[in-house]
Amino acid sequence: GGGSGIYSIDWLRRHPALRAIVWDRPEVLKVASEMAQQYGVADRLECVPGNMFADPVPACDVCLLSNILYDWDEPECRTLVQRCAAALNPGGRLLIHDVLLNDDHSGPLPIALYSAALFTLTEGRAYSAREFQSWLTEAGLSLEPIVPTLVHCAVIGGRAGS
């Protein structure tokens, strides 16, 4: 799910040579399309309707899964990572941006509490960097350094072979 397209739109605004695809349900794409118009990048942002568990993943150089995997149980997460990895062009990157539990699941406390809340709202929970990395390597990707972002989040990346 590409959601509102906010990350793609920001990248397009910063890098005029790039093109992006936001892939999500049709009702969500209406928001992404409106935002792309508002920020002047509609000519470089393609909105593609689809179901991330059933439809073909659009081929890409970079695939971003931001705040998606915590909604799903491990088998579904593995499936999504494998499907996205398979859609990468040679040398492409799969980036997972999410909250992170410690590898031993001992905290940090705000993320552990958030994870417990996810149990009641979704099929998923918060995961650790080690768990994300294991799914990336299972999908045949080479791991990249973890890049911390804000508030107990990070980007965990994997790269496809050339």
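The model is predicted: local features need pLDDT of at least 70, side-chain atom pairs count only at pLDDT 80 or more, and totals for chains, interfaces and linings use all residues. Residues are numbered from 1 along each chain as its sequence is written, and side-chain values use heavy atoms, with hydrogens and water left out.

Helices (H or I, at least four residues) and strands (E, at least two) are DSSP runs, numbered from the N terminus. Strand β8 spans residues 153–159, and six of its seven residues are buried. Buried means under 20% relative accessible area, exposed over 50%, and partly exposed in between (1.4 Å probe, protein chains only).

Strands count as paired if DSSP finds at least two bridges between them.

| Partner strand | Residues | Bridges to β8 |
|---|---|---|
| β4 | 88–101 | Seven |
| β6 | 142–143 | Two |
| β7 | 147–148 | Two |

Individual bridge positions can be named for each pairing. Ile96 has Ile156 of β8 as its bridge partner, Leu143 has Gly158, and Pro148 stands opposite Ala154. Four residues lie between the strands in the hairpin of β7 and β8, where Val151 takes a positive phi near 50°.

Leu95 lies in strand β4. Leu95 counts as buried because its relative accessible area is 9%. Contact here means heavy atoms within 4.5 Å. Apart from neighbours within four places in sequence, Leu95 is in contact with Val62, Cys63, Leu64, Leu65, Glu144, Val155, Ile156 and Gly157. Asp55 is 40 residues from Leu95 along the chain, and their C-alpha atoms are separated by 20 Å.

His97 is also placed in β4, and is buried with a relative accessible area of 12%. The His97 side chain makes polar contacts with the side chains of Ser66 (3.0 Å) and Thr149 (3.2 Å). A polar contact is a pair of N or O atoms within 3.5 Å; within protein, one must be able to donate a hydrogen and the other to accept it, and residues adjacent in sequence count only if both atoms are side-chain atoms. With neighbours within four places left aside, the contacts of His97 include Tyr7, Asn67, Cys153, Ala154 and Val155.

**The loop residue Leu18**

Leu18 sits in the loop between α1 (6–14) and β1 (20–24). Leu18 is classed as partly exposed because its relative accessible area is 39%.
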